[in-house]
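Visitor: I would like to learn how to read sheets and helices in a model. Please take them one at a time.

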Amino acid sequence: MLEIKDLYAGIEDQPILRGIDLKVNAGEVHAVMGPNGSGKSTLAQVLAGRDNYRITGGEVRFQGRDLLALSPEERAREGIFLAFQYPVEIPGVANIYLLKAAINAQRKHRGLPDLDAVDFLALVREKLAFMGMDEALLYRPVNQGFSGGEKKRNEVLQMALLEPRLAILDETDSGLDIDALKVVADGIRSMRDPQRAIVMVTHYQRLLDYVVPDFVHVLSQGRIVRSGGPELALELERRGYGWVDPGRDERIGATP
Amino acid sequence: MNAVVADRFAEDFARLRGNLPGIYVPWLQALREEAFSEFMDKGFPSTRQEDWKYTNVAPIENSRFAFAAAPAEVCTDLGCVGTQALPGARLLVFVDGRCAPELSRVGRLPAGITVTSLSATLERQPDRLRGALAAPRGGYASGFAALNTAFLADGAYVHLAAGADLEEPLHLLFVAASRNVAAHVRNIVVAEAGSRIRIVEHHATVEGGAYLSNVSTTLRIERSAAVEHHKLQDESAQAFHIASVQADLGEAARFASSSFAFGAALSRTAIDVGLNAEGAECSLDGLYLIDGRQHADHHTRIEHAQPRCRSRELYKGVLDGASRAVFNGRVVVRPGAQQSDAQQTNRNLLLSDQAEADAKPQLEIWADDVKCGHGATVGQLDPDQIFYLRARGVDDETARSMLVYGFAAEVVERIPVPVLRQRIGRLLRTRLPRGGGAMQ
């Protein structure tokens with residue numbers, strides 16, 4: 001589904017990704033781990049089409065197409081979903097409008113008519129209940145005044161509604177207390193599907209206890225330095241990033 | 001003023017003064033004569049004056065607008081009146097500045113409430129207006145104000161006796177139907193103690209083209225009365241709109257003002273609120289949405305003259321193209337006006353590199369026990385917000401549109417009159433690319 005080959009990217013003249021190779025097939029769950037500044041978030045943002053990164057080499061294919069040639073909205077409509085590490089607050093735009101705009105943009109792309117108001121609301125309510133979210137959050141401005149946990153749940157809610165082919169979760173577990181983590185993890189787990197791939201970017205092992213990945217990759221200084229099964233995450237947890245990242249003092253870039 | 005322009009106005013005035021409503025009222029004729037001579041002295045405001053520094057009215061001075069002396073031959077089927085009328089509101093229509101009773105639907109009013117035209121009142125009961133029309137003590141604020149009195153002919157006259165309450169909003173609809181016409185409109189609102197009314201002053205056009213609306217609205221809001229005044233300026237794209245709103249508040253009176261500037265090539269709205277007795281409160285909201293070469297100027301002044309008054313002000317602007325906005329918000333706290341509470345915010349969103357916003361908050365505080373704050377910002381759309389929306393499948397243009405709508409919505413949502421809130425929400429959406437995205 002997703003194939004990244006020798007990808008180089010950075011901000012201005014600062015290289016951050018320095019030759020990423022990664023292949024993700026439908027039905028798989030991958031975890032990308034790594035210390036701060038290793039390029040995890042950059043990788044997630046580059047895949048979603050953030051334009052302040054400059055791609056300096058390599059290629060990314062998504063379902064056989066050149067992903068890097070697509071605009072962020074085209075990627076989203078093709079089925080890529082990025083759950084943001086820092087969900088953006090949008091004053092004055094009610095959450096429900098964003099959800100409706102997002103769903104209908106995707107449907108239009110697939111040649112489907114807009115969802116009518118009743119079906120839309122029924123669908124949203126079902127997902128809300130699953131995420132343990134209050135319906136009032138629909139009518140509040142997007143992410144504005146949401147707690148950290150509510151923001152992350154809201155990301156997973158959007159993912160559940162949009163049913164992406166490839167979900168990229170950028171530190172969706174960070175800043176959550178244990179109860180919220182469970183809800184978010186349940187939401188992610190429920191998205192596991194033979195037709196869908198999930199890439200979880202995370203700093204900690206914690207989330208992986210709930211959503212056990214098929215593959216774990218360790219990113220360091222813009223490269224994948226180690227790949228393995230779920231046991232790799234456990235070993236990392238035990239031995240720390242110093243184990244795979246001996247030169248981590250000369251860190252590059254920062255998480256945006 | 002150059003001699004040619006001065007001669008033109010002198011001719012106009014000489015020709016018209018015998019032809020205006022209330023010509024047999026000596027004090028009124030004297031008032032007009034004095035105002036005219038003050039206009040001749042003052043001339044049009046110049047950008048050398050601090051108050052008009054950013055707003056150049058030379059295009060008005062250099063245009064020739066005919067003054068409509070008599071009510072126009074009003075067609076009774078002005079299509080636009082039907083579409084502009086706010087559902088459920090009482091409607092008083094003016095065409096080119098002159099009252100059009102046949103297009104109006106005021107209906108039967110509760111006891112103690114008068115809603116009529118200034119022209120009719122000047123003919124029948126001129127003395128009711130003598131106090132409200134008196135020349136300002138310090139002279140007219142500008143040449144436009146003097147001109148407004150010199151050519152005083154029509155407008156709305158609204159009077160509420162103590163305790164009277166008009167439930168439905170009153171829609172004062174000013175329609176520009178002819179090109180190259182100057183309308184000098186005067187609205188007078190008197191709300192006696194404990195009365196309530198909600199007024200929408202709406203300026204629209206059928207014909208488009210260039211014309212001048214020179215409007216002055218004064219409101220006297222007595223003890224514990226509550227008055228809302230919502231001004232919607234939706235003039236033609238070539239029009240000039242000069243307006244002033246002056247409110248004088250009594251003890252514990254409340255005044256809610258809003259100003260929406262969407263149309264006109266050049267518009268200037270001056271709002272002047274006197275919190276003249278203890279416990280008076282006002283809120284001033286505003287939204288300007290301009291594009292192309294439009295120029296929208298708001299000058300507001302709130303005077304805390306007595307203790308324990310409260311004022312809130314929120315003005316927002318969205319500027320595209322090579323448009324220019326001016327916001328000058330002055331708050332004066334007089335000596336002795338202790339426990340004054342004043343908050344002012346002005347936020348501008350620039351959608352283009354050529355747009356320009358001049359924001360100038362001014363606090364002038366002469367008392368020590370007060371709570372006053374202000375903030376002004378000029379910024380652009382946030383790329384993080386745009387990316388977030390696009391990453392959800394929303395195209396770039398719709399994303400921008402949603403963000404602009406979201407920015408402006410804060411002011412629109414505060415409109416307490418539901419039919420007006422819907423109308424302005426709709427106007428806003430039609431002005432945004434893709435109708436404000438999914439914002440329906």
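Guide: What follows goes from the model itself to a sheet and then to helices.

Guide: This is a predicted model, in which local features need pLDDT of at least 70, side-chain atom pairs count only at pLDDT 80 or more, and totals for chains, interfaces and linings use all residues. Residues are numbered from 1 along each chain as its sequence is written, with chains lettered from A and ligands numbered from 1 in the order in which they are written.

Visitor: What confidence does the predictor give the complex?

Guide: The complex has an ipTM of 0.93 and a pTM of 0.90.

Visitor: What is the strand order of the open sheet in chain A?

Guide: Strands of a sheet pair through backbone hydrogen bonds, either parallel or antiparallel. Here strands are DSSP runs (E, at least two residues) and helices are too (H or I, at least four), numbered from the N terminus; two strands pair if DSSP finds at least two bridges between them. In chain A, six strands run in the order E6-E9-E10-E3-E11-E12, with mixed pairing. E6 (80–83) and E12 (223–228) of chain A each have a single partner strand, so they stand at the edges with one side lacking a neighbour in the sheet. From one strand to the next, the twist averages 20°.

Visitor: In which sense do E3 and E11 of chain A pair?

Guide: E3 (residues 29–33) and E11 (residues 215–220) of chain A are parallel, over four bridges. In one of them, Ala31(A) has Val216(A) as its partner.

Visitor: Which strands does helix H9 of chain A lie across?

Guide: Axes are lines fitted to C-alpha atoms, for helices over the stretch in contact, and angles run from 0 to 180 degrees between N-to-C directions. Contact requires C-beta atoms, placed from the backbone, within 7 Å. H9 (residues 230–239) of chain A lies across E3, E11 and E12, at about 45° to E11(A).

Visitor: Which residues of H7(A) are buried?

Guide: An α-helix has 3.6 residues a turn, so residues three or four places apart point the same way. A residue is buried if 20 or more other C-beta atoms lie within 10 Å of its own. In H7(A) these are Leu181(A), Val184(A), Ala185(A), Gly187(A) and Ile188(A). They cover an arc (of the directions from the helix axis to the C-beta atoms) of only 155°, which puts them on the same side of H7(A).

Visitor: How many residues of H8 in chain B are buried?

Guide: Six of the eight residues of H8 (residues 383–390) of chain B are buried. Their cover includes H2 (72–78) and E7 (90–94) of chain A, together with H9 (396–412) of chain B.

Technical notes: Two residues are in contact if their C-beta atoms, placed from the backbone, lie within 7 Å. A residue is buried if 20 or more other C-beta atoms lie within 10 Å of its own, exposed if 12 or fewer, and partly exposed in between; C-beta atoms are placed from the backbone.
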